[in-house]
Amino acid sequence: MNREVITTGRTVDEALQKAYEELQVSSEESQFEILELPKKGFLGLKTTPAKVRVFVEYSKADCAVDYLQKIFKGMGLDEVAIEVKETESGAALILSGEGLGVLIGRRGETLDSLQYLAGLVANRMEGDYFRITLDSNSYREKREKTLESLAKKLAGQVARTGRNMTLEPMNPYERRIIHATVQGIEGVTSSSIGEEPNRRVVISSTSPKKPYSRDGRRDGRRDGARRDGGRGPRGPRPDRPVRERRERPAETSNAAQTVREKAPEDAASKPLYSKIELDD
């Protein structure tokens, strides 16, 4: 990607100076081409000015730097310096200066967003994919150590208890750090669930423990249940006491005995509401 401008002047030097000011570059950072030399007309009545073309060759990293500088200027951060370090598949842009906390954001969310946008701008140019990594005051290194420590701690809990642990949503870069750390710990494994931007890492045990049932058995089977899935004869439930049946006493009152032994014809001969005398 090139940035260029064509300017004119009474002399070549004057035209070049106009171009440098317009592009905001120096002569060492740019190249130029003379399109027309100044010419004087007959008797000096008509003069043709000099015309030059000044251009700057921009790499993908330069495009990303130029884009970020415009953003920082709009945010009022004019003193932020950007150092470019070439990598195998792209470039690492290191920020330095004052007021960088606002560029990092909560858990690096602002820094990740700026990195994503800078990568889009850089890869608008033709060619292979160019990876842009943005860092500020070694934040990436500190965050990586924090995530490694967190992964080791949670993996130890999972290996001890056998229960899965689900982490908070993370970007792909941070999830890779968790996966790489868990791979080196015996007895646990990791996987990702959900959709972006809420994709999470789940750390699980390779030998999870079975849940306990009410009667203290790990497999959850009740007493009397067969291992083949059938149901055997039900016995008394261990959590409830067996109640003894109480027989009602055979003794009855003397009055009730007398009524049952009374002849029915004697009772029928009396009025419905008459007084019934009972034998002693």
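How many helices and strands does the protein chain have? The protein chain contains 8 helices and 11 strands, where helices (H or I, at least four residues) and strands (E, at least two) are DSSP runs numbered from the N terminus. The model is predicted, so local features need pLDDT of at least 70 and side-chain atom pairs count only at pLDDT 80 or more, while totals for chains, interfaces and linings use all residues. Residues are numbered from 1 along each chain as its sequence is written, and side-chain values use heavy atoms, with hydrogens and water left out.

A look at the whole chain comes first. Of its 280 residues, 28% count as buried; buried means under 20% relative accessible area, exposed over 50%, and partly exposed in between (1.4 Å probe, protein chains only). Contact means heavy atoms within 4.5 Å. Among contacts between residues at least 6 apart in sequence, 51% join residues at least 24 apart.

Two helix pairs can now be visited in turn. Two packed helices are described by the angle between their axes and the distance between the axes. For helix α2 (residues 60-74) and helix α4 (residues 109-122), the axes come within 8 Å and cross at roughly 130 degrees. Here axes are lines fitted to C-alpha atoms, for helices over the stretch in contact, and angles run from 0 to 180 degrees between N-to-C directions. α2 and α4 are therefore oblique to each other; angles under 35 degrees count as roughly parallel, over 145 as roughly antiparallel, 65 to 115 as roughly perpendicular and the rest as oblique. On the α2 side the contact is made by Lys 60, Cys 63, Ala 64, Tyr 67, Leu 68, Ile 71 and Phe 72, and on the α4 side by Leu 114, Leu 117, Ala 118, Val 121 and Ala 122. By class, this contact of α2 with α4 has 11 nonpolar, no polar and 1 charged residues, where Ala, Val, Leu, Ile, Met, Phe, Trp, Tyr, Cys and Pro count as nonpolar, Asp, Glu, Lys and Arg as charged, and the others, Gly among them, as polar.

The second pair is formed by helix α5 (residues 139-161) and helix α6 (residues 172-183), whose axes come within 9 Å and cross at roughly 45 degrees. α5 and α6 are therefore oblique to each other. From α5, Arg 140, Arg 143, Glu 144, Leu 147, Glu 148, Ala 151 and Lys 152 make the contact, together with Tyr 173, Glu 174, Ile 177, Ile 178, Thr 181 and Val 182 from α6. The contact of α5 with α6 has 6 nonpolar, 1 polar and 6 charged residues by class.

Buried residues of α5 include Arg 143, Leu 147 and Ala 151. Just after α5, Gly 162 takes a positive phi of about 80 degrees. In α6, the buried residues include Ile 177, Ile 178 and Val 182, and their cover includes α5, β10 (188-193) and β11 (200-205). Glu 174, also in helix α6, counts as buried at 6% relative accessibility. Leaving out residues up to four places away in sequence, Glu 174 touches Arg 107, Arg 143 and Leu 147.

The loop between β8 (131-136) and α5 holds Asn 137, which is partly exposed, with a relative accessible area of 45%. Beyond its neighbours within four places in sequence, Asn 137 is in contact with Leu 95, Leu 100 and Lys 142. Asn 137 and Leu 100 are 37 residues apart in sequence and 8.3 Å apart in space, C-alpha to C-alpha.
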